[in-house]
Amino acid sequence: MSQIIVQFLQNLNSDKFKNHNIPNTFMKNIVVFTGAGISAESGLGTFRDSNGLWEKYKIEDVATPEAFQNNPSLVMDFYNIRRKELFNSNPNKAHISLVKLQEKYSLHIITQNVDDLHERSGAKNILHLHGKLNESKSTIDGKIYPIQGPYLNIGDLCEKGGQLRPNIVWFGEDVPNMEIAINLVKKAHIFIIIGTSLNVYPAASLIDYAVNSQRIILIDKSPTFLDGIEVIREKATQAVPKLVDDLLNL
Ligand code: APR
């Protein structure tokens, strides 16, 4: 390996580079990890904030396989209400500004959100960890079906005659996309976390895999402070556009 490259790699690991002025040509991969907070200003409720969804509903009544077993109508109603809200909401400045990063970086968005606001903002590489509100799943073979309109009801069946359920990862269920997410985060040069309380696992453990990230940045209006992380205590629609501009001007 030529001396120049060796010298450069040594520099890359030296403190000199562990600040913000790293030439961006070497930082190709940006991975953004989002939670409900990024969609809050689009009018979609978060879960654990005051007046959040888990203050109005019990998780064991609406977000577990057992809840669907015991009272499928209640579960369907919960997601139908949220799907209807989603129909009446749009991506906000935080969703939209993130997309600009694609001009200069390889951008991957890993989201805990079940809304489609990242998709509607024009982002290309989106991985949902907890499912999608506008999809249903067969209770027989797990096949996924798009939901036309805001409502999924008891009696809506898959092609094999099985009841369709919301394609949501409920508490106690596996998170099928976790492995892909971990591999993406391992390759990140910058890892940006937006609007999540980092309460729910395994999703919240993604931060532990950002081992090659030169910068880990958390944007949240009331953040969880963690060592070695840049914390921006601001609303997403204020902080994300500014950060994106900074990264584009690096
Ligand atoms: N801008 C930035 N951050 C915000 C904003 C905002 N406008 N509004 C709220 N927040 C922050 C809150 O401070 C909080 O830290 O967003 C976070 C929302 O946290 P939660 O409600 O716990 O949502 P999230 O972390 O996405 O939940 C994870 O839990 O209930 C399950 O499956 C569900 O995917 C969800 C998972």
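The shell around the ligand divides into 7 nonpolar, 9 polar and 7 charged residues. Here Ala, Val, Leu, Ile, Met, Phe, Trp, Tyr, Cys and Pro count as nonpolar, Asp, Glu, Lys and Arg as charged, and the others, Gly among them, as polar. In total, 23 residues surround the ligand. A residue belongs here if one of its heavy atoms lies within 4 Å of the molecule. The closest are F47, R48, T196, S197 and D220.

This is a predicted model: local features need pLDDT of at least 70, side-chain atom pairs count only at pLDDT 80 or more, and totals for chains, interfaces and linings use all residues. Residues are numbered from 1 along each chain as its sequence is written, and side-chain values use heavy atoms, with hydrogens and water left out.

An N or O atom in the side chain of S197 is 2.6 Å from an oxygen atom of the ligand. W54 places a polar side-chain atom 2.8 Å from a ligand oxygen atom. A236 uses its backbone instead: an N or O atom there lies 2.9 Å from a nitrogen atom of the ligand. Taken alone, the ligand exposes 740 Å², and the protein buries 95% of that. These areas come from the Shrake-Rupley method with a 1.4 Å probe.

Next, the loops. Helices (H or I, at least four residues) and strands (E, at least two) are DSSP runs, numbered from the N terminus. Most residues other than glycine have a negative phi, and most peptide bonds are trans. The loop between β7 and β8 (215–220) holds P202. A cis peptide bond joins Y201 and P202, with omega about 15°. L198 sits in the loop between β7 and β8. L198 has a positive phi of about 55°, although it is not a glycine. Is L198 buried or exposed? At 13% relative accessibility, L198 counts as buried. Buried means under 20% relative accessible area, exposed over 50%, and partly exposed in between (1.4 Å probe, protein chains only).

N51 also has a positive phi, about 70°, and is not a glycine. N51 lies in the loop between β1 and α2 (53–56). N51 is exposed, with a relative accessible area of 55%.

Finally, turn to helix α8 (residues 178–186), whose buried residues are M178, A181, I182, L184 and V185. They cover an arc of only 165° around the axis, so they lie on the same side of α8. That arc is taken from the directions from the helix axis to the C-beta atoms. What do the buried residues of α8 pack against? They pack against β1 (29–34), β2 (106–111), β3 (126–128) and β7 (190–194). Contact means heavy atoms within 4.5 Å.

Terms used. Polar contact = N/O pair within 3.5 Å; in protein donor to acceptor, adjacent residues only side chain to side chain.
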